[in-house]
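Visitor: I have a structure to look at and some questions about its parts. Could you walk me through them?

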Amino acid sequence: MVRGRISRLSVRDVRFPTSLGGHGSDAMHTDPDYSAAYVVIETDAEDGIKGCGITFTLGKGTEVDWSRKGRGAPGDSGRPKRGVGLVGQAGGKACLEVTCGHEKQMLAQGYPAYTTSCAWLGYSDDTLKQLCAQALKDGWTRFKVKVGADLQDDMRRCQIIRDMIGPEKTLMMDANQRWDVPEAVEWMSKLAKFKPLWIEEPTSPDDILGHATISKALVPLGIGIATGEQCHNRVIFKQLLQAKALQFLQIDSCRLGSVNENLSVLLMAKKFEIPVCPHAGGVGLCELVQHLIIFDYISVSASLENRVCEYVDHLHEHFKYPVMIQRASYMPPKDPGYSTEMKEESVKKHQYPDGEVWKKLLPAQEN
């Protein structure tokens with residue numbers, strides 16, 4: 001039985017001025033405005049069911065997404081280093097019936113997370129210390145710091161964080177593709193003193209053999225390679241796994257072709273016994289990826305060993321069904337759907353360039 005037909009499709013350019021506070025800044029993207037191409041598919045169904053989709057960008061990339069989608073172009077959107085693929089909320093809405101131990105464990109304890117929110121590269125030392133102290137107070141035990149722009153600055157900032165969190169808590173590092181292969185090995189050999197669990201995206205995400213070379217050099221130092229947020233299909237992941245080029249696999253809920261492509265990568269990771277530690281943050285990525293990690297645990301990996309999901313404490317207030325974090329863990333969502341729907345008020349306010357926020361900011365930036 002046909003429930004309803006598509007009656008209208010709207011595409012909105014939604015941008016948040018995160019650059020004003022240095023949020024999201026890293027060695028590759030110094031002043032990003034976290035943004036999204038937000039798509040709503042309406043139907044003529046009696047219950048008004050609709051589909052909501054997000055492609056995360058860094059601002060100007062939203063325009064590239066629109067132009068490619070208009071031409072029917074598949075695959076990578078060509079935008080500045082962030083997600084691809086339309087993810088939907090429409091379809092059957094069923095609640096999970098809790099029947100097995102893994103599901104009950106998720107409801108009781110959640111899925112372990114780490115925070116990136118306290119150590120963006122554009123933050124001052126005072127801001128870094130303040131946010132790190134608050135994260136410790138909130139119960140976080142795993143922290144990621146952005147590196148890659150200046151070695152001496154990285155040494156100083158990593159020392160600050162390690163001193164604050166102590167030797168027993170987990171530290172990760174993320175270079176956001178900034179280095180070539182020899183540079184990555186040399187740089188991380190110096191940062192090894194801070195005992196990072198991994199270095200994320202040490203070089204170009206397409207350089208499978210380069211990652212394998214870095215991995216071979218750094219694993220003896222106790223440093224794993226984490227990558228995948230920029231990998232746009234299962235074939236790249238297959239090659240990374242076959243080449244033993246990573247120790248932590250990072251799917252992205254938008255970069256891959258939505259749910260199906262992500263599931264194929266989860267299955268490959270299970271076959272190669274590599275833990276999946278998804279990339280999140282951005283605009284809605286935490287909301288989206290929570291469904292994938294819980295599925296991975298319940299239906300694929302059945303393990304939390306060496307598994308952790310990124311969390312960034314920005315922009316969740318703009319979503320109708322925001323992610324829930326308790327005790328530094330993702331708690332299973334209680335609402336049906338894929339958690340993609342944004343609040344209409346937030347969309348209108350941040351729509352580019354005519355929303356209230358940008359009407360005020362753009363003239364000021366021009367002056």
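**Questions about a predicted chain**

Visitor: Is Glu201 buried or exposed?
Guide: A residue under 20% relative accessible area counts as buried. Glu201 has 0% relative accessibility, so it counts as buried.

Visitor: What is the phi of Glu201?
Guide: Most residues other than glycine have a negative phi. Glu201 is not a glycine, yet its phi is positive. The value for Glu201 is about 45°.

Visitor: Lys244 also has a positive phi. Is Lys244 buried or exposed?
Guide: Lys244 is found in the loop between helix H7 (234–242) and strand E9 (248–249). Its phi is about 55°, although it is not a glycine. Exposed means over 50% relative accessible area. At 68%, Lys244 therefore counts as exposed.

Visitor: Which peptide bond is cis?
Guide: Most peptide bonds are trans. Go to the loop between helix H10 (344–350) and helix H11 (356–366), where Pro353 is found. The bond with omega near 0° is the cis one, from Tyr352 to Pro353.

Visitor: How many helices and strands are there in the protein chain?
Guide: The protein chain has 367 residues, and 53% of them count as buried. Its elements are 11 helices and 12 strands.

Visitor: What share of the contacts with a separation of 6 or more comes from residues 24 or more positions apart?
Guide: Count the contacts in the protein chain with a separation of 6 or more. Then pick out those between residues 24 or more positions apart. Their share is 72%.

Visitor: How do H4 and H5 run relative to each other?
Guide: H4 covers residues 151–165 and H5 covers residues 181–191. Their axes come within 10 Å and cross at roughly 30°. Angles under 35 degrees count as roughly parallel. So H4 and H5 are roughly parallel.

Visitor: How many charged residues are in the contact of H4 with H5?
Guide: From H4 come Leu151, Asp154 and Met155, and from H5 come Trp187, Lys190 and Leu191. By class, four are nonpolar and none is polar. The charged residues number two.

Visitor: H5 also crosses H6. What is the hand of that crossing?
Guide: H6 covers residues 208–218, and its axis comes within 9 Å of that of H5. The two cross at roughly 25°, so they are roughly parallel. The crossing is right-handed.

Visitor: How many nonpolar residues are in the contact of H5 with H6?
Guide: H5 brings Val181, Ala184, Val185, Met188 and Ser189. H6 brings Gly210, Thr213, Ile214, Ala217 and Leu218. Three of these residues are polar and none is charged. The nonpolar ones number seven.

Visitor: How far apart are the C-alpha atoms of Leu218 and Ala184?
Guide: Leu218 is found in helix H6, and at 0% relative accessibility it counts as buried. Its contacts beyond four places in sequence include Val185, Met188 and Ser189. Leu218 and Ala184 are 34 residues apart along the chain. Their C-alpha atoms are separated by 9.5 Å.

Visitor: At what angle do helix H2 and helix H9 pack?
Guide: H2 covers residues 101–109 and H9 covers residues 285–301. His102, Glu103, Gln105 and Met106 in H2 meet Ile294, Tyr297 and Ile298 in H9. The axes are 9 Å apart, and the angle is about 145°.

Visitor: Which residue's backbone oxygen lies 2.6 Å from a polar side-chain atom of Ser25?
Guide: Ser25 is found in the loop between strand E1 (6–15) and strand E2 (35–43). At 2% relative accessibility, Ser25 counts as buried. The backbone oxygen in question belongs to Gly22.

Visitor: How far apart in space are Ser10 and Val39?
Guide: Ser10 is found in strand E1. Leaving aside neighbours within four places, it is in contact with Tyr38, Val39 and Val40. Ser10 and Val39 are 29 residues apart in sequence. C-alpha to C-alpha, they are 5.7 Å apart.

How values were computed
Residues are numbered from 1 along each chain as its sequence is written. This is a predicted model: local features need pLDDT of at least 70, side-chain atom pairs count only at pLDDT 80 or more; totals for chains, interfaces and linings use all residues. Side-chain values use heavy atoms; hydrogens and water are left out. Axes are lines fitted to C-alpha atoms, for helices over the stretch in contact, and angles run from 0 to 180 degrees between N-to-C directions. Helices (H or I, at least four residues) and strands (E, at least two) are DSSP runs, numbered from the N terminus. Angles under 35 degrees count as roughly parallel, over 145 as roughly antiparallel, 65 to 115 as roughly perpendicular and the rest as oblique. Contact means heavy atoms within 4.5 Å. Ala, Val, Leu, Ile, Met, Phe, Trp, Tyr, Cys and Pro count as nonpolar, Asp, Glu, Lys and Arg as charged, and the others, Gly among them, as polar. Buried means under 20% relative accessible area, exposed over 50%, partly exposed in between (1.4 Å probe, protein chains only). A polar contact is a pair of N or O atoms within 3.5 Å; within protein, one must be able to donate a hydrogen and the other to accept it, and residues adjacent in sequence count only if both atoms are side-chain atoms. A crossing is left-handed if the near helix is turned anticlockwise from the far one by less than a right angle, and right-handed if clockwise.
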